[in-house]
Every structure is written in structure tokens, then in C-alpha cells.
Amino acid sequence: MVGLKFCKFRKSLILIIISFFIVSCSDEVAQTEESLERKNYSWRLVTTWPKNYPGVGLGPENFAQLVEEMTDGRLKIKVYGNGELIPALEVFDTVSRGTVEMGHGAAYYWIGKLPAAQFFTTLPFGLNAQERNAWLYFGGGIELWEKAYEPFNLIPMAGGNTGVQMGGWFNKEINSLEDLKGIRIRMPGLAGEVFSRAGGEAVLMPGSEIFTNLQTGVIDAAEWIGPYNDLTFGFHQVAKYYYYPGWQEPGAMTEFIFNKEAFDELPDDIKAIVRTAARAVNQNMLDEYTARNNKALISLIEDHNVILKRFPDEVLEELEKISKEVLQEFVANDDFAKEIYQSILEFKKGVSNYHKISEQAIYDLR
Ligand code: CA
């Protein structure tokens with residue numbers, strides 16, 4: 001009996017040992033396959049913002065960190081600020097050529113190359129951040145954007161929104177339309193054209209050049225973003241009046257752009273991580289602005305004696321009228337631009353009607 005039991009025990013022991021070897025070996029094989037499959041990617045990301053700039057500039061930094069964590073280091077992205085590798089306004093071309101894999105900026109900087117790009121940042125008197133995200137993800141916006149960037153070998157994704165911006169910094173009061181005449185202002189995109197047609201003169205320059213140009217009188221006025229960012233650039237030291245509302249940018253969306261070949265080369269799981277991280281950053285930036293703008297505005301007024309002013313109705317009404325004209329002319333000879341504009345207009349109409357009895361009704365009540 002004892003011999004039989006021992007025999008059974010020995011058999012079981014041998015089976016356990018064999019199983020152990022099989023499991024170990026298959027584990028080893030799996031690990032070897034995994035390490036063979038594990039390919040690491042090292043990317044460069046150029047931006048139109050100063051390095052580590054609050055709000056818009058932290059979008060790409062947060063994105064790089066999220067992607068590295070979520071991919072367990074398989075995709076590492078080094079972020080370069082404006083001027084570190086290339087000047088701000090060369091981001092689009094540099095990523096399009098594939099010199100670097102990706103970029104972060106604002107689409108309306110590229111209207112000289114692609115007029116329809118304007119529609120993928122903001123429009124004067126257009127959608128706010130909440131509405132823009134809704135149009136993008138549920139109103140056909142992203143499909144139109146991808147189509148617009150395809151000829152440039154680029155894949156776009158939303159990269160954060162500033163929310164409603166401020167109207168800008170001036171050194172003289174704007175009490176009538178007459179007061180806009182001759183004002184040289186930093187204002188990008190179609191809004192700049194609107195301002196020029198209203199009697200001023202709009203110029204485009206990256207944010208980092210605004211302070212010096214205001215100080216030396218190269219420009220008389222400037223719009224940048226809002227209190228949180230404008231405070232960090234110190235515009236209150238060189239301009240006295242801070243105007244609202246930001247008719248020119250009622251919710252500016254920033255963008256991630258990816259070189260198509262670089263993106264296509266990624267395995268599916270990393271592609272999904274990249275898309276998810278971009279979406280997270282897009283929401284996170286808006287949350288940051290919402291939390292910080294109001295505090296920065298209080299500091300500008302109370303600590304720096306900035307004079308806060310609202311544009312007169314007469315001025316806003318005229319700017320809105322000119323905006324419609326400029327936009328209609330802008331799309332008149334460009335069927336694709338017209339298609340995008342129509343899509344935004346229709347979406348805005350529908351969502352505005354509902355927001356009047358939801359968002360706006362609550363704002364009016366509380
Ligand atoms: Ca702006």
C-alpha cells in the first residue's frame with residue numbers, strides 16, 4: 001500500500017514539475033514574442049507657444065506625459081516651444097513635411113495656406129467652446145477637418161479650448177466706431193480682416209512678440225487670449241484698457257497635428273491612446289481656463305489698476321455686421337469652405353435655440 005501511494009505521489013510530482021516547465025517555457029516564449037513586438041517610438045512635437053506657457057502651452061506638455069504613461073514608455077514625445085527648433089508660424093509646414101512627427105498650435109494661423117483652416121479655431125461671433133466640441137464630435141466637424149488637412153499629409157485633433165476670450169488691450173478708449181480708425185492691432189484670422197474693414201489695421205504675430213511691439217508702438221492694441229494668459233505676458237504694463245467681450249474669439253480651439261505617415265506607423269493600441277489623450281487634454285485645458293481666468297482678472301484690476309471696459313453696442317453691432325459680410329465673401333469662391341461654414345451655421349442655429357432656454361436661461365436666473 002505504502003509503495004503504491006509513493007508511486008502515485010511520484011507520478012503527481014513529475015506531472016507538477018513537467019507542467020511547471022511547460023508553463024515557464026510558454027511564459028518565456030510569450031515574453032520573448034512581446035519584447036520582439038515591443039517597438040518604441042521617439043517623437044518630436046513643435047508648438048506655436050513659448051515652452052511651458054500656461055494654458056495653451058501646457059496642453060502639449062500634458063499630452064506628452066499622458067501618452068508616455070499610458071503606453072508604458074513605448075511612445076515618448078519631446079515638446080519644443082516656439083523658437084526652440086523652429087519659429088511658431090512654421091509648425092504646420094514642418095509637420096506636413098514630416099521633419100517632426102507632430103505639432104500643437106491654432107488652425108487659423110494657417111489661413112494663408114489653407115483658407116478653410118479658419119473654421120477650425122473659431123469664428124467672430126461664432127460657437128463657444130461647449131458648442132464647438134459638440135459640433136466637432138457630434139456635428140460632422142472632425143470629418144470636415146480631416147478632409148481639409150488630408151492634402152497636407154496631416155491628421156488634426158482638437159488640442160484644448162481657451163473658452164471665450166477677451167476683446168483686447170487698448171491705450172485709448174473705444175467709445176464709438178470712429179475710435180477704431182487707424183488702430184493697428186494684433187489680431188489673427190478673419191477677425192483681423194473684420195477689424196481692418198471697420199477702420200483699423202490688423203497684423204499677425206505670435207504671442208511672444210506682442211509685449212515688445214506694444215511697448216515700442218509697432219502696434220497700438222492687441223488681443224491675445226484672456227486674463228490668465230494676458231497677465232503672464234504682462235500686457236497691463238504697456239496698455240491701460242482691457243476690453244470685453246471677445247467677439248473675435250468666442251471659444252478658440254487649439255489643435256494637435258500629426259504627420260500622417262508617423263501616425264499610421266503606430267500600432268492600433270498606441271493610436272487609440274493618442275486619440276484618447278488628445279481628447280482628455282482638450283477638455284482639461286478648458287477646465288483650467290474656466291478655473292483661472294476669473295482670478296487673474298481680479299488681480300489685473302485690483303493689483304495692477306487695469307481699467308475693464310465693454311465695447312459699446314454700436315461697435316459690437318457693426319463688427320457683427322462686417323463679420324457676416326467678410327465670412328460670406330470668404331467662402332464665395334471656395335465650395336469646400338462654404339460647406340464647412342454652412343455646417344457650422346446650421347449647427348449654431350440649432351444649438352443656440354436650445355441654449356437660449358437652457359444655458360442662457362440659467363445664466364439669466366442666477
Ligand atoms: Ca486670441
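**Core, metal and pockets**

Modeller: The largest nonpolar core has 84 residues. Those with the most contacts inside it are Phe119, Phe120, Tyr149, Phe170, Trp224, Trp247 and Ile340. A nonpolar core is a set of buried Ala, Val, Leu, Ile, Met, Phe, Trp, Tyr and Cys residues joined through side-chain atoms within 4.5 Å. Buried means under 20% relative accessible area, exposed over 50%, partly exposed in between, with a 1.4 Å probe and protein chains only.

Biologist: Which element gives the largest share of this core?

Modeller: That is α11, with 7 residues. Helices are DSSP runs of H or I, at least four residues, and strands are runs of E, at least two, numbered from the N terminus. Another core lies apart from the largest one and has 22 residues, among them Tyr41 and Val67.

Biologist: Where do the numbers come from?

Modeller: This is a predicted model, so local features need pLDDT of at least 70, side-chain atom pairs count only at pLDDT 80 or more, and totals for chains, interfaces and linings use all residues. Residues are numbered from 1 along each chain as its sequence is written, and side-chain values use heavy atoms, with hydrogens and water left out.

Biologist: Now the metal. What coordinates the calcium ion?

Modeller: Gln165 (OE1), Glu223 (OE), Glu223 (OE), Trp224 (O) and Glu249 (OE), at 2.2 to 2.6 Å. Donors are N, O and S atoms within 2.8 Å of the metal (3.2 Å for Na, K and Ca); water is not among the atoms, so sites may look incomplete.

Biologist: Where do glutamine 165 and tryptophan 224 sit?

Modeller: Glutamine 165 is in the loop between β4 (154-161) and β5 (168-170). Tryptophan 224 is in the loop between β8 (221-222) and α8 (227-233), 59 residues apart from glutamine 165.

Biologist: Are they buried or exposed?

Modeller: Glutamine 165 is buried, and so is tryptophan 224.

Biologist: Pockets next. What volume has the largest pocket?

Modeller: About 1,400 Å³. On a 1 Å grid over the protein atoms alone, a pocket is an open set of points with protein on both sides within 12 Å along at least five of seven lines; lining residues have an atom within 4 Å of a point. The volume is the space filled by probe spheres set on the points, which are joined across faces, edges and corners.

Biologist: Which lining residues lie nearest its centre?

Modeller: Of 38 lining residues, Gly126, Asn128, Val164, Pro250 and Tyr363.

Biologist: And the second largest pocket, how much space?

Modeller: About 160 Å³. It is lined by 13 residues, and Lys324 and Tyr341 are among the closest to its centre. The largest share of this lining, 5 residues, comes from α11.

Terms used: On a 1 Å grid over the protein atoms alone, a cavity is a set of points where a 1.4 Å probe fits but cannot get out, and a pocket is an open set with protein on both sides within 12 Å along at least five of seven lines; lining residues have an atom within 4 Å of a point.
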